[in-house]
Protein chains: 4
Amino acid sequence: MIYGEKRVARPIRWAMVGGGHGSQIGYIHRSAALRDFCFELVAGAFDLDFARGKAFGQQLHVAADRCYPDYQTMFNQEAQRTDGIEAVSIATPNGTHYDICKAALLANLHVICEKPLCFTVKQAEELAELAAKQQKIVAITYGYAGHQVIEEGRRLIADGVLGDIRIVKMEFAHGFHNVAVEKDTESTKWRVDPKMAGPSYVLGDLGTHPLFIAEVLLPHLRIKRLLCSRQSFVQSRAPLEDNALTLMEYDTGAVGSVWSSCVNAGSMHGQRIRIIGEKASLEWWDEQPNQLRLEIQGEPVRILERGMGYLHDSALKEDRIGGGHPEGLFEAWSNLYARFAEAIVCKNEGRRFDVWYPDISAGVEGVRWVENCVKSADLGAVWVEYQ
Amino acid sequence: MIYGEKRVARPIRWAMVGGGHGSQIGYIHRSAALRDFCFELVAGAFDLDFARGKAFGQQLHVAADRCYPDYQTMFNQEAQRTDGIEAVSIATPNGTHYDICKAALLANLHVICEKPLCFTVKQAEELAELAAKQQKIVAITYGYAGHQVIEEGRRLIADGVLGDIRIVKMEFAHGFHNVAVEKDTESTKWRVDPKMAGPSYVLGDLGTHPLFIAEVLLPHLRIKRLLCSRQSFVQSRAPLEDNALTLMEYDTGAVGSVWSSCVNAGSMHGQRIRIIGEKASLEWWDEQPNQLRLEIQGEPVRILERGMGYLHDSALKEDRIGGGHPEGLFEAWSNLYARFAEAIVCKNEGRRFDVWYPDISAGVEGVRWVENCVKSADLGAVWVEYQ
Amino acid sequence: MIYGEKRVARPIRWAMVGGGHGSQIGYIHRSAALRDFCFELVAGAFDLDFARGKAFGQQLHVAADRCYPDYQTMFNQEAQRTDGIEAVSIATPNGTHYDICKAALLANLHVICEKPLCFTVKQAEELAELAAKQQKIVAITYGYAGHQVIEEGRRLIADGVLGDIRIVKMEFAHGFHNVAVEKDTESTKWRVDPKMAGPSYVLGDLGTHPLFIAEVLLPHLRIKRLLCSRQSFVQSRAPLEDNALTLMEYDTGAVGSVWSSCVNAGSMHGQRIRIIGEKASLEWWDEQPNQLRLEIQGEPVRILERGMGYLHDSALKEDRIGGGHPEGLFEAWSNLYARFAEAIVCKNEGRRFDVWYPDISAGVEGVRWVENCVKSADLGAVWVEYQ
Amino acid sequence: MIYGEKRVARPIRWAMVGGGHGSQIGYIHRSAALRDFCFELVAGAFDLDFARGKAFGQQLHVAADRCYPDYQTMFNQEAQRTDGIEAVSIATPNGTHYDICKAALLANLHVICEKPLCFTVKQAEELAELAAKQQKIVAITYGYAGHQVIEEGRRLIADGVLGDIRIVKMEFAHGFHNVAVEKDTESTKWRVDPKMAGPSYVLGDLGTHPLFIAEVLLPHLRIKRLLCSRQSFVQSRAPLEDNALTLMEYDTGAVGSVWSSCVNAGSMHGQRIRIIGEKASLEWWDEQPNQLRLEIQGEPVRILERGMGYLHDSALKEDRIGGGHPEGLFEAWSNLYARFAEAIVCKNEGRRFDVWYPDISAGVEGVRWVENCVKSADLGAVWVEYQ
């Protein structure tokens, strides 16, 4: 149970790149980071428009002289302060992640990065090597995974409640971009521009979320081969897809599928994951994130609720409010950001941090999956060996 | 609105092959056929065990001398009566459908047949030709399609409410056969024996149901190519699958998928269909068959209910009880059997019957789809041109 | 499991009073009675308009000369036939139930009567005495109680799963009469006319349904006192209510409430019952009648499904189709009508029938409850001792 | 849309009384207050155990010398600082609210108080007068009311979408205290002790929450009389109730009911409110607080979702994350605390604050309602004129 006590001895000095006024994702980063004194926001390069970014930073009580025109300046200037930043979150369009992340690591900063980490596995592995060399963490904000019942699911599966895993069914299929909303919406425009978005739209933007949750739930599964069929129903988005179905075969004989879509008209959010084992299935839906369905064949369906005493201890320790009171996405992110803070402290002190979180390897795997999907799709939706 | 008045001048004299004691499907055939005086059960070859079948027939008030040891005897004997049967329903294991259907047509009977009609497209087309020649109907019991809101969905799509259709998502995935229940259950044993079941298990047994509903909802779509990945998670079932995922590309550019499974542990029934258009989506779930979700992008989700005045007339005319009172699967079947009766009378009188029902072409299409799926799966889950 | 075998040696010869063309309730009586050869419809006085009733009867394959102008004629004429009717169902406006029921009993007929049985406890007890004297059954069509999971709930409570019962929460609150639809709808007009409807509208028409289910679930509870507050939101309905809330205290210290309404705008049906015990609660909703929620405090909510092996045998024996396939209201009624048939045979043969069904005492209790509610309401919504 | 910009020029200097380690409610106060720089926590008397409270305060980064042994000391000491506290939140057992609130007002502090404000209407009105005299706000933490769709409901009703209001149905009925958990749980013990809890348990603790939401939704309704029936199913709780049903008659002819319970076994939270008008109903459930059901009679049910463009502007302006992403109870509280901050600034500056929030009059009304309920219950559950 969390009562708000500090998780780290003092808040980590922290900055953002991007995430300015108008950025929903920027706000959720800040809400999560500032919760319970894990981080304090002391600097930022919030906006390509310096004046706007500076004004916004001051609205966030950042000192005017620590609102910077760009990340390079920020990293340089902060490095010269004794109270300079220790960590940075990157909430910019995809195409900039690689450069900023690399620069941050070279500036001896811990990094929290929006997915995708970068565009190619080669880049991703380079960043992983650099992070290791610099003794810094790189965390990826697969925020949904921070919901507590995900941990409960992980434990139930580890306990063998489901038996051998057979099928992993993943979906993240919303309907908000059923038409070419990018023509009028700045925040969507870059998502369908390969230069800024990278080799995919919905595969990377949406599909990697349930994919990471599946990695958390099923750490032992390895993809052997996959096939991806992708479409651009709004034709101006081609070559980037707005809908995709990926089939996967795992080394254990299990199979999986991921439906990624932004043209699922009328759907609100539509992120679901269902793990089917020999004996039982687990299902989670991110629009009702406090519940987890446990369906044991031959028994009544059970609806498990966050915050209840029958859950595993590890699924209760981050509880912030009793069962029945809904926690939302902000709590999921807060759980992750608190782990990031603790991971940073451990890394600084050379200690091992034993709690899972979306780390650099999760970032590498997301990039790898997209790369394989795109390869398959571009060959005509054929099977490709996963590599 | 239906108040129970007769739909045909006199009940059609009707027999069953199969569907004896212990057969759930036999009971639903009878419940639907006898409803509102459409058919009367006057003869039957209910069971391979003649004594048992005869005893059962008498429990159904069939005269002892019209309970027959086999269908051949029945067709012969009944043909010699002036009050002989006019129609027959076939509710036997798959492997017998072709022979019985052919014999029935040759005996000048109208046929109502469980799916699959037969095992190959060649056989199916042969039966279609024979039916045409004999001037008889062959109806296929895709019973779920008889739910009234399916007709509502058909009309909404025809009205253009969804806009251009992009994605057709179909599932029929229950969990009842997650382990080798066939070892102890007679009624399941034949389903995993290729001799009796044909070239597939769940593709034919389950997947063809939502596939037919999609045909009803989207009569203009044609499959161009498909890919099917199938598994036998209970290994003793190989080469028959207990799980399969089929991807389809339609000639319009729309895409589809069908998940067929009997190992979806903990799922009760799990038949769902979601049609996604440019503007809106429709979703139907057979466990709550009186509801239809209409999700127009940018508007609140609407839940349409059977029996309500805002539905199309054609979706109300078979209403049997007011909105709010749930109708079940028996009503869906009753709707179809009433159409079968009317179709028989029309055929007898040389009149055209204008209401859709799962007719011989639905039977042919189901066989064709399974044949293509199996071909793809056996080639290693590759794309095959649909033929 | 039911496969359609006959439940009684030969169908009981049966007639209807009322339930003609345009009567939904008439159709559900017939659908249930004719199911599985329990009854055969051989006569009827279906309509006040004789010509219309006769035409309708013939549509139901009733012989023209057994379509009667009124119930008196029918009872007289049929009594003179050797193959005359043995039982009659009464589906007429409330105000006629008492007279018809009495006449039927005097004509040595078994009776199946729509609720309310009559208007006063005095009348009800008179009918009960007469039925006992005539050795006939009087069954009341509280049709919802025939859903199989009601029996499951009864058994779970009897097993002590809920512990001591504390609260019984009942609702039947639809929205179809939110405005004065009776001005244009013949079938509603009589419901708001005290002469035809009796001393109440929604209390008797709706509230008695969940009340009877509570009697089934909790046979040991006795109401000690109650209080009823009723309103006529559509003022032209006064003195009859279109909304009412009844509070009850039971002799065990448990409390109950019944919300009866036809002005619950937008609600489809809204019949719910929740039984709260010390340890657990049970909840059932008639719009999803195949499910029963079992909520044990401190454990995950369980959703029990009709047709599953974990249910009590007595909740499975009337199963007509496997779990997952929805049964509807027609099956619930069919279950009751089959019990009525068996009860009639037992009564005829002087044997005891051990299965519960809504019998004459259920009819008396429904009338008693309405009488007490009206008394309380008319005194200004004060507590009245239940008598 | 909220991006985290400051809502007030500088954070208001703020302290807590109560809400120490182990207090869930304390944490939600802090999470909400600290969000977006509305308040900063600079002092506290967190615990009756000074050492424990001081240690806890330091965990919250409160200076050691501003962690106080009791509220009196805190108010005195802080009053002598130039940077002393400006506002205080009271999260202590009920029995202390009156004294602390009074002392805070006398110390020239703005007050945010847990409900109930106090035990009697007389006390409540005294505090209201004092607040007016001191030119301070007193806000009450009816936190659920801060969910954005409550505002949407308020606007829909004001727009006349429901027509004349007929029925207000409120419930807050959880199951966590089905047995005497207070014997082992410190945080529950005082709730069933009249000295600390006041004249009621669940009426005040639970029932006042949906009651306040109804006040927000229906500002024009006035209670004319009410009747309350209350029980102590766990007998050791007597005279305090653990279950209660309150009936209300409003001056418009509308009726209402409130079910308050902590013995609703198996229920998670169970706070629901349904407003029924002539034309339509609105329903909200606090366990899925991002949705609002709009049920217009004769139209399909609509599910309105937080964050969507079809909502009223005033229901969107506090949006923190796009539709589909669930907000939780913390966001509801954050919305209120931000309004408290703005109300404080307005009050300080002598400006009118035009946004509704649970202010002192909400506090008075809650106390008034409980007082009337208890009066009715203690007279034997009879009607009492509301005063």
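In chain B, the residue B:Pro239 sits in the loop that runs between β7 (223-231) and β8 (243-250). Another backbone detail of chain B concerns B:His61, whose phi is near 65 degrees, a positive value in a residue other than glycine; B:His61 belongs to the loop between α2 (50-59) and α3 (71-79) of chain B.

These details should be read with the origin of the coordinates in mind, since this is a predicted model. For chain A the average pLDDT is 97, and 100% of the residues score at least 70, while for the complex the predictor gives an ipTM of 0.97 and a pTM of 0.97.

Within chain D, five strands make up an open sheet in the order β2-β1-β3-β4-β5, and their pairing is parallel. Because β2 (39-45) and β5 (138-140) of chain D stand at the edges, each with a single partner strand, one side of each is left without a neighbour in the sheet. Ignoring direction, neighbouring strands of this sheet are turned against each other by 25 degrees on average. One of the pairings joins β3 (residues 87-91) and β4 (residues 110-113) of chain D, which run parallel over four bridges, and there D:Ser89 has D:Ile112 of β4(D) as its bridge partner. Against this sheet packs helix α11 (residues 360-378) of chain D, which touches β4 and β5 of chain D and whose direction makes about 55 degrees with that of β5(D).

Where chains D and A meet, 37 residues of chain D and 37 residues of chain A take part. On the side of chain D, α1 (24-34) and α10 (329-349) each supply at least two residues, and the largest share, six residues, comes from α1(D). By class, this side of chain D divides into 12 nonpolar, 17 polar and eight charged residues.

The contact between chains A and C takes 11 residues from chain A and 11 residues from chain C. Strand β13 (residues 301-305) of chain A gives the most to the side of chain A that touches chain C, namely five residues, and by class that side holds six nonpolar, two polar and three charged residues. Here β13(A) pairs with strand β13 (residues 301-305) of chain C in the antiparallel sense, over three bridges, and A:Ile303 stands opposite C:Val301 in β13(C).

How are these two chains related? Chain A is superposed on chain C by a rotation of 180 degrees with 0.0 Å of shift along its axis, at an RMSD of 0.0 Å, and that is the relation of a two-fold axis. The same surface serves both copies, for 100% of the contact residues of chain A recur in chain C. Of the residues of chain A, A:Arg302 comes closest to the rotation axis, with its C-alpha at 2.3 Å.

Finally, the UniProt record, in an unreviewed entry, places the feature "domain: Gfo/Idh/MocA-like oxidoreductase C-terminal" at residues 154-384 of chain A. In the model, the end C-alpha atoms of residues 154-384 of chain A lie 29 Å apart, and the span is 30% helix and 25% strand.

Note on methods:
Residues are numbered from 1 along each chain as its sequence is written. Chains are lettered from A and ligands numbered from 1 in the order in which they are written. This is a predicted model: local features need pLDDT of at least 70, side-chain atom pairs count only at pLDDT 80 or more; totals for chains, interfaces and linings use all residues. Two residues are in contact if their C-beta atoms, placed from the backbone, lie within 7 Å. Ala, Val, Leu, Ile, Met, Phe, Trp, Tyr, Cys and Pro count as nonpolar, Asp, Glu, Lys and Arg as charged, and the others, Gly among them, as polar. Two strands pair if DSSP finds at least two bridges between them. Copies are superposed by least squares on the C-alpha atoms of residues with pLDDT of at least 70 in both. UniProt positions are given in the numbering used here, feature names are shortened, and annotations may be inferred rather than shown by experiment. pLDDT is the predictor's confidence in each residue, from 0 to 100. Axes are lines fitted to C-alpha atoms, for helices over the stretch in contact, and angles run from 0 to 180 degrees between N-to-C directions.
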